[in-house]
Amino acid sequence: MQTRLAKKLGLEAPIFAFTRAKEVVLEVSLAGGLGVLGAIAMSPEELDEACTWLDERLGGKPYGVDTVMPMSYAGKGEEWTEEKLRAMISPAHHAFVAHLLEKYGVDELPDDYERKGEDLLGWSDERGRAHLEVALRHPIALIANALGTPPPDCIEAAHAKGVLVGALCGKKKQAMAHKAAGVDVIIAQGTEAGGHTGEVAGMVLTPEVVDAAGDTYVLTAGGIGSGRQMAAALALGADGVWMGSVWLTTTEHVEYHAPIVIEKLLEAKSTDTVRSRAISGKPARQLKTAWTEAWASKESPGYLPIPMMWMVQAEAAERIYHHGNKPLAGSPVGQIVGRMNEIVPTAKVMSDIISECKATLKRMGALGGM
Ligand SMILES: Cc1cc2nc3c(=O)[nH]c(=O)nc-3n(C[C@H](O)[C@H](O)[C@H](O)COP(=O)(O)O)c2cc1C
């Protein structure tokens with residue numbers, strides 16, 4: 001289990017956990033892996049508080065932070081405001097959202113409802129840079145970025161603090177761009193993964209990226225939920241695994257989701273996900289719902305680019321989750337959801353994966369006559 005990246009970061013096992021729950025980050029890092037806190041839904045102040053919370057509890061064990069600086073989105077490189085982008089959303093889009101809420105009987109929010117107020121502009125360079133600046137004030141070991149190669153000054157700033165830089169990719173070409181920019185850890189994410197993902201299967205992508213990466217570390221992401229899958233990733237040449245979906249149904253994470261979403265995740269089979277543009281405007285694997293089906297139907301006004309696609313539905317989402325509307329409620333999640341059938345403590349997920357991976361590697365060694 002002591003891959004070169006595990007050694008470099010002082011990990012007992014090269015398990016990297018992407019999660020938006022600081023409690024999961026804590027448990028993974030305490031168990032010898034590397035918890036990576038997803039910052040996108042947080043304000044810079046909230047991220048600062050969460051990192052301080054972790055610093056106080058981790059006793060020096062390493063953790064990371066994940067930002068989102070997309071290669072492309074509406075308004076990139078321009079003087080833009082939320083109002084300007086809102087004005088670009090057509091009446092047909094607003095009408096379609098209203099029609100779906102009515103069709104599925106989703107009530108208004110009550111007068112005393114406290115809005116979650118998730119930041120509508122989270123998917124931007126500006127917000128990503130603010131997250132990076134906060135994260136680098138804390139003793140993090142890794143900063144990762146989704147949806148593109150991090151800008152050169154961001155990579156430099158991280159390296160100046162001795163922090164490794166990671167970036168997700170869905171094809172070899174993106175991996176090469178990350179490497180050329182000086183990214184240290186390429187996260188090769190197969191199509192089976194939850195969240196924004198490409199079309200190439202992990203079984204094909206990992207060896208392709210490993211062979212192209214040279215000395216750069218590679219992690220396999222997508223579909224990892226057990227020690228056997230982790231051993232397979234190591235067999236393909238990866239330096240470790242990067243997991244996102246399995247943490248959603250851990251004891252520490254359930255409070256981050258509406259109960260209806262947890263219910264649907266526990267029920268879902270591996271065939272119940274779809275790669276759809278219905279959340280952000282870019283293809284992301286998620287539960288197949290009446291919402292994803294409607295946006296893919298003939299009646300759909302079409303998808304909008306980041307961040308307008310989320311803007312048009314942010315309030316609708318709060319109504320759907322508040323009222324627990326089962327047909328419409330969904331979540332990003334990968335095909336591994338078919339094996340997420342009970343709520344389990346994060347520490348148990350970690351110990352099960354580690355022990356099964358060790359047993360599998362031993363079995364493989366015996367098969368190879370060693
Ligand atoms: C609910 C959810 C939200 C995600 N949000 C992000 C994100 O904000 N940034 C990011 O880098 N990756 C995000 N991802 C992708 C994960 O980092 C990870 O690559 C992916 O979950 C791995 O595949 P798996 O879901 O099969 O484990 C998300 C995944 C899920 C399931």
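1. Start with helices α3 (residues 44-58) and α6 (residues 125-135): their axes come within 9 Å and cross at roughly 25 degrees. Here axes are lines fitted to C-alpha atoms, for helices over the stretch in contact, and angles run from 0 to 180 degrees between N-to-C directions. That angle makes α3 roughly parallel to α6 (angles under 35 degrees count as such). The crossing is right-handed, that is, the near helix is turned clockwise from the far one by less than a right angle.

2. A word on what you're looking at. This is a predicted model, where local features need pLDDT of at least 70 and side-chain atom pairs count only at pLDDT 80 or more, while totals for chains, interfaces and linings use all residues. Residues are numbered from 1 along each chain as its sequence is written.

3. Back to that pair: Pro44, Leu47, Asp48 and Cys51 of α3 meet Ala130, His131, Val134 and Ala135 of α6 (contact means C-beta atoms, placed from the backbone, within 7 Å). By class, this contact has six nonpolar residues, one polar and one charged. Nonpolar covers Ala, Val, Leu, Ile, Met, Phe, Trp, Tyr, Cys and Pro; charged is Asp, Glu, Lys and Arg; the others, Gly among them, are polar.

4. Next, α8 (residues 172-181) and α9 (residues 202-213) pack at about 30 degrees with their axes 9 Å apart, which makes α8 roughly parallel to α9. On the α8 side you'll find Lys172, Ala175, Met176 and Lys179, facing Glu208, Val209, Ala212 and Ala213 of α9. The tally is five nonpolar, no polar and three charged.

5. Have a look at α2 (residues 22-30) and α15 (residues 346-367) too: the axes come within 9 Å and cross at roughly 35 degrees. Val24, Glu27 and Val28 of α2 make the contact with Thr346, Ala347 and Met350 of α15. Four of these residues are nonpolar, one is polar and one charged.

6. Now the ligand. It has 26 residues around it, the closest being Ala146, Gly194, Gly195, Gly244 and Gly334 (a residue is near if its C-beta atom, placed from the backbone, lies within 6 Å). Strands β3 (63-68), β4 (142-146) and β9 (241-243) each give at least two residues to this shell. The shell splits into 14 nonpolar, 10 polar and two charged residues.

7. Overall, the protein has 15 helices and 11 strands; these are DSSP runs numbered from the N terminus, helices being H or I of at least four residues and strands E of at least two. Its C-alpha trace spans about 65 × 45 × 40 Å along the principal axes.

How values were computed:
Two residues are in contact if their C-beta atoms, placed from the backbone, lie within 7 Å. Angles under 35 degrees count as roughly parallel, over 145 as roughly antiparallel, 65 to 115 as roughly perpendicular and the rest as oblique.
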